[in-house]
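Subject: The structure for you to look through

Hi,

Here is the structure I said I would pass on. Have a look at it first, then read on for what turned up.

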Amino acid sequence: MRKTQQSETFQHRLEQFNPGMVWLDPSNRVTALNDVAMQILGPAAEQSLGVEKSGLLGLNVLQLHPERSRSKLSFILDSQAPVGCPIQSPPPVAMMINIPDKVLMVKVSKMIGAGGIVGTCMVFYDLTDATTMPAAPATAQVLPPRRLYKIPVYRKNRVVLIELSEVLRFEGDGHYTTIATRDDRYLSNLSLTDLEKRLDPEVYVRVHRSHIVSIRDIIELVRNKDSVSLRMTGHEQSLIPVSRAKVAQLKDLLGIV
């Protein structure tokens, strides 16, 4: 009941958000954007490209995102390519994008005109304040990323915020990440690299190129000849491989001599 009430409360908050909107031409170049999109994408363009806000029009939208986010955005733009009937628009696609100081939920939909697909509409919501804690004071020129305390996922046309304390592990698979909690599994398109930068390193550790685990939920270290695996709490009881390079670090974190 508590989760349902929290989800409903968040959905109500989401309805109050002022969305960013970007219009793209068939080549994914920006043709128009609203003030919210300008406020979020403008600084990104200035930092990464040295382009002033007035120069956003005409730029390929991929250039406005960090390089690590471009493959994911390109993936959903390509997945919206028209197939079959030229006057039928594919269904909207939603994804989460993690940029240095923001967590965005992006929805993409092809737009149709008299002759078929004429471009793309991108609508995004800034979930940063709902999912992260304020950044720690900077000790250098670059601000550290804000720590996640909730993970946004898109399920059954709704955004669900998963409490980080309930997450046992993350498993990467291409453009997606499987999030395993004590009693469920979710699919997110935040990458393991994005997540690793925003998770508390004293709780979550990357033990393998495809796995991040919660140290407090490890119940067994399993040796099998030259390999080491982990067994986690929860209903899965699956074994998680540990890279050789991570074994010493993991033993130290677990207090194993």
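One definition before anything else: a residue counts as buried when its relative accessible area is under 20%, as exposed when that is over 50%, and as partly exposed in between. Arg206 has a relative accessible area of 18%, so it is buried. Also keep in mind that this is a predicted model.

Arg206 has a partner, by the way. Its side chain meets that of Glu196 in a salt bridge, 3.1 Å from N to O. Arg206 belongs to strand 11 (residues 204–208) and Glu196 to helix 5, so the pair ties together parts that are ten residues apart in sequence. Glu196 has 37% relative accessibility, so this residue is partly exposed.

Arg182 is partly exposed at 39%, whereas Asp217 is buried at 4%.

The other one joins Lys150 and Glu163, with the closest N and O atoms 3.6 Å apart. Here strand 6 supplies the Lys150 and strand 7 the Glu163, 13 residues apart. Are these two buried or exposed? Both are buried.

Now for the inside. The largest nonpolar core has 26 residues, and Ile151, Phe170, Ile179 and Tyr204 have the most contacts within it. Among the elements that give two or more residues to this core are strand 4 (102–113), strand 5 (116–126), strand 8 (167–173) and helix 5 (192–198).

Five strands form an open sheet in the order 2-1-5-4-3, with antiparallel pairing. Strand 2 (30–33) and strand 3 (93–99) are at the edges with a single partner strand each, so one side of each has no neighbour in the sheet. On average, neighbouring strands are turned by 25 degrees against each other, direction ignored. Strands 3 and 4 pair over seven bridges, and Met95 stands opposite Val106 in strand 4.

Cheers

Note on methods: Residues numbered from 1 in each chain as written. Predicted model: local features only at pLDDT ≥ 70, side-chain atom pairs only at ≥ 80, totals over all residues. Heavy atoms only, no water. Core = buried A, V, L, I, M, F, W, Y, C linked by side-chain atoms within 4.5 Å. Buried < 20%, exposed > 50% of the residue type's maximum accessible area, 1.4 Å probe, protein only. Helix = DSSP H or I, 4+ residues; strand = E, 2+ residues; numbered from the N terminus. Pairing = 2+ DSSP bridges. Axes fitted to C-alpha atoms, helices over the stretch in contact; angles between N-to-C directions. Salt bridge = Lys/Arg side-chain N within 4 Å of Asp/Glu carboxyl O.
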